[in-house]
Amino acid sequence: MTALFVQCYSYSDSAISAAGKNPDPNRLLKPAPGYQIVQRECTVCHSERLIIQNRTTREGWSEIIRWMQRTQNLREFSQQDEKAILDYLAENYAPQAMGRRSPLTIREWYVLEP
């Protein structure tokens, strides 16, 4: 029989706000209100890296949670916990504008002569 040990960290939102940075430098999640519950509930099954690489809208995060509940045996959260999780994820891991600059607008074409 194999024993499974899970290390849990607990930081209060006030300690995170007071620190102004992640209280544990080995953690990847942004320290902000709601950090504690997301870290506690989400990283039991997967790494923080999975969270920070999957940016989406609040509705997208809700769909991901529902998918994990249907297919990955994720427990149902209380309304208060689910709201705190979604608030944190939507605020800190929403889609970002990324990539190249917007295309140039060409107003007039001209031909270069050799």
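Two exercises with worked solutions follow, on a predicted model.

Local features need pLDDT of at least 70 and side-chain atom pairs count only at pLDDT 80 or more, while totals for chains, interfaces and linings use all residues. Residues are numbered from 1 along each chain as its sequence is written, and side-chain values use heavy atoms, without hydrogens and water.

**Exercise 1.** State which residues of the largest nonpolar core touch the most other members, then find the aromatic pair.

*Solution.* 
1. A nonpolar core is a set of buried Ala, Val, Leu, Ile, Met, Phe, Trp, Tyr and Cys residues joined through side-chain atoms within 4.5 Å; buried means under 20% relative accessible area (1.4 Å probe, protein chains only).
2. The largest such core has 17 residues, of which V38, I51, Y88 and L89 touch the most other members.
3. At least two residues of this core come from each of α2, α4 and α5 (helices are DSSP runs of H or I, at least four residues, numbered from the N terminus).
4. Contact means heavy atoms within 4.5 Å. Beyond its neighbours within four places in sequence, V38 contacts L29, T43, I51, I85, Y88 and L89.
5. Rings of Phe, Tyr and Trp (its six-membered ring) pair if their centres lie within 6.5 Å; planes under 30 degrees apart are stacked, over 60 edge-to-face, the rest tilted.

Technical notes. Buried means under 20% relative accessible area, exposed over 50%, partly exposed in between (1.4 Å probe, protein chains only).
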